[in-house]
Amino acid sequence: MFSVTVREHMMIAHSLRGEVFGPAQKLHGATYVVDATFRRTELDPNGIVVDIGAATTALHSVLSDLNYRNLDDDPSLAGTNTTTEVLAKLVADRLVDRIHAGELGESASGLAGIMVTLRESHVAWASYERTP
């Protein structure tokens, strides 16, 4: 399996519902380093997994919709506990939407998988993996 990973970051504010979250139940900020890994079993005719520039642009675009925002105020996330795991899935799903829209170019049509990892710190992160 071949893979290409692009990286970006985002800063959000949110609160989490549930006793399990302790002080994170209060409004707080989080800065995530976000890795998007694209996988395919065989390289395309140009010898690539996906156009790195297009993948970087798509990831930046997805994150710009969330960056510097209080996610508690986003109507599309109402009722959602925006945990790191949930946000990893949200970013992956939005990247797949861009793949289907053709924004990552012809090579993206052969992708076998995509994985998004949100790193909360140097010791804690969460990932979500899916097929395009």
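A salt bridge here is a side-chain nitrogen of Lys or Arg within 4 Å of a carboxyl oxygen of Asp or Glu. The model is predicted, so local features need pLDDT of at least 70 and side-chain atom pairs count only at pLDDT 80 or more, while totals for chains, interfaces and linings use all residues. Residues are numbered from 1 along each chain as its sequence is written, and side-chain values use heavy atoms, with hydrogens and water left out.

**View 1. R119 and D35 pair up in a salt bridge.** The closest N and O atoms of the two are 3.0 Å apart. (Helices, H or I with at least four residues, and strands, E with at least two, are DSSP runs numbered from the N terminus.) D35 is buried, at 6% relative accessibility, whereas R119 is partly exposed, at 26%. (Buried means under 20% relative accessible area, exposed over 50%, and partly exposed in between, using a 1.4 Å probe and protein chains only.) R7 joins in too: R7, D35 and R119 are linked in a network of salt bridges.

View 2. R39 meets E129 in a salt bridge, with the closest N and O atoms 2.8 Å apart. E129 is partly exposed, at 47%. R130 and D93 also form a salt bridge, at 2.8 Å from N to O. The structure holds eight salt bridges.

**View 3. Here is the largest nonpolar core, with 33 residues.** Such a core is a set of buried Ala, Val, Leu, Ile, Met, Phe, Trp, Tyr and Cys residues joined through side-chain atoms within 4.5 Å. V34, F38, V91 and L95 touch the most other members. Two or more residues come from each of β1 (2-14), β2 (28-40), α1 (52-64), α2 (84-100) and β4 (113-119). Helix α2 gives the most, with eight. Leaving out residues up to four places away in sequence, L95 touches A36, F38, A58, L59, V62, I114 and V116.

**View 4. T83 sits in the loop between β3 (69-70) and α2.** T83 counts as buried because its relative accessibility is 14%. Setting aside neighbours within four places in sequence, T83 is in contact (heavy atoms within 4.5 Å) with L16 and F21.
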